Amino acid sequence: MSKLDQILILDPPSDLRFKGPFTDVVTTNLKLKNPSDRRVCFKVKTTAPRRYCVRPNSGVIDAGQAVSISVMLQPFDYDPNEKSKHKFMVQTIFAPPNVSDMDALWKDAKPDDLMDSKLRCVFELPSENDKVNDVDATKAAPVMNSAKADPAAAAVPVAASLDDTEMKKVQEKCKRLQTEMNKLVEENRQLKGSSSCRLGDACQPYHPPQLRIQKGLEKPTSLSVDFAISLVVWPTVNTSVQHHSKASPFYNLTR
C-alpha cells in the first residue's frame with residue numbers, strides 16, 4: 001500500500017525562513033489548514049529540538065479549520081558561510097471518533113496511516129534597506145516623557161501587558177508628580193529672583209528644595225510619589241527531547 005499524501009495545506013509549503021539578527025529569539029509562523037471533512041491530528045518534529053521552541057507542537061484540527069503554529073529559534077552565533085541543515089516535519093493522521101489519549105494514538109499508529117510534510121530552515125540577515133527603515137522608525141517613535149520635565153527624571157518604560165486600570169493609576173500618579181515638580185520649579189524661580197538681602201538681616205545661603213528638606217530646614221510637602229513599573233519578561237521556555245526511532249532524524253517536541 002502506497003503512502004498517503006498530506007491532507008493538510010501548509011503555509012509556507014516548504015521553507016521556514018528566520019530573519020536575523022540572531023542575538024535574540026526569532027519567531028516565524030506556520031499555518032496548517034484542514035480542507036477535508038474529517039478531523040486531523042498533527043504533530044511537529046525537528047532535527048534540532050534544542051534550538052527551537054514550537055507552540056503548539058501537536059493537536060487536532062477540525063474539518064475546514066486552520067491553526068497557526070509559532071516556531072521560535074533560540075539565539076546563536078550566526079555564520080553566513082554555514083548552511084542550515086535544520087529541518088521540520090509535520091506528521092498527521094485522521095482522528096478516530098472520540099479520541100482522548102493522543103500519546104497512545106501516535107504510539108499505535110500504523111505507518112500506512114501516517115502522512116507527513118518536510119520543511120527546511122532558512123536563515124536570512126536583514127538587508128541594508130531594512131536596517132535604514134528600522135532606524136527611521138525608531139527616530140519617529142513618540143517620546144513618552146514631556147519635553148519640559150526635569151532632565152534628571154528618567155522615562156519609565158511601561159510593560160505592554162498592563163491593563164487599562166493599571167495604566168490609569170500610573171497616569172494619575174504621573175500627573176500628581178508633574179504638579180509637584182511644577183510647584184518646586186516655581187519656588188526655585190522665586191528664590192533665585194531674590195538677589196539681595198534686607199538690611200539688618202544675615203544673608204542665608206540658598207538651598208534647593210531637596211537640599212533644604214535633607215538639612216531639616218523645611219518639611220517635605222504632603223505629596224510624595226514613589227512608584228516603579230517592572231517590565232514583564234516572558235519566561236524562557238525550554239524544550240526537552242523525547243526518545244525517537246533510530247530510523248528517523250526527527251525528534252518529538254514537548255510542551
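Student: In what order do the elements of the protein run from the N terminus on?
Tutor: They run β-β-β-β-β-β-β-β-α-β-α-α-α-β. Helices (H or I, at least four residues) and strands (E, at least two) are DSSP runs, numbered from the N terminus. Before we go on, this is a predicted model: local features need pLDDT of at least 70, side-chain atom pairs count only at pLDDT 80 or more, and totals for chains, interfaces and linings use all residues. Residues are numbered from 1 along each chain as its sequence is written, and side-chain values use heavy atoms, with hydrogens and water left out.

Student: How many helices and strands does that come to?
Tutor: Four helices and ten strands.

Student: Which strands form the open sheet, and in what order?
Tutor: Four strands, in the order β1-β3-β7-β5. Their pairing is antiparallel. Two strands pair if DSSP finds at least two bridges between them. The edge strands are β1 (9-11) and β5 (52-55), and each pairs on one side only.

Student: By how many degrees are neighbouring strands turned against each other?
Tutor: By 20 degrees on average, direction ignored. Axes here are lines fitted to C-alpha atoms, for helices over the stretch in contact, and angles run from 0 to 180 degrees between N-to-C directions.

Student: How many bridges join β1 to β3?
Tutor: Three, and the two strands run antiparallel. Strand β3 covers residues 26-33. Asp11 stands opposite Lys31 in β3.

Student: And how many bridges for β3 and β7?
Tutor: Eight, again in the antiparallel sense. Strand β7 covers residues 66-73. Thr27 stands opposite Met72 in β7.

Student: What about β5 and β7, how many bridges there?
Tutor: Four, also antiparallel. Met72 turns up again, as the bridge partner of Cys53.

Student: New topic. Where are the cis peptide bonds?
Tutor: One joins Asp11 and Pro12, with omega about 5 degrees. Another joins Gly20 and Pro21, with omega about 10 degrees. Most peptide bonds are trans. Pro12 is found in the loop between β1 and β2 (15-19). Pro21 lies in the loop between β2 and β3.

Student: Where is Arg38 found, and what is it in contact with?
Tutor: Arg38 is found in the loop between β3 and β4 (40-46). Leaving aside neighbours within four places in sequence, Arg38 is in contact with Ile61, Ala63 and Phe94. Contact means heavy atoms within 4.5 Å. Arg38 and Pro97 are 59 residues apart in sequence and 9.9 Å apart in space, C-alpha to C-alpha.

Student: Next, Ser117. Where is its place, and is it buried or exposed?
Tutor: Ser117 is in strand β9 (residues 115-124). It counts as buried because its relative accessibility is 16%.

Student: What does the side chain of Ser117 make a polar contact with?
Tutor: The side chain of Gln6, at 3.1 Å. A polar contact is a pair of N or O atoms within 3.5 Å; within protein, one must be able to donate a hydrogen and the other to accept it, and residues adjacent in sequence count only if both atoms are side-chain atoms. With neighbours within four places left aside, Ser117 is in contact with Gln6, Leu10, Phe88, Met89 and Val90.

Student: And Ser58, where does it lie?
Tutor: In strand β6 (residues 58-61). Ser58 counts as partly exposed, because its relative accessibility is 25%. Its side chain makes a polar contact with the side chain of Asn57 (3.4 Å).

Student: Last one. What share of the residues in the protein is buried?
Tutor: Buried residues make up 26% of the 255 residues.

Note on methods
Buried means under 20% relative accessible area, exposed over 50%, partly exposed in between (1.4 Å probe, protein chains only).
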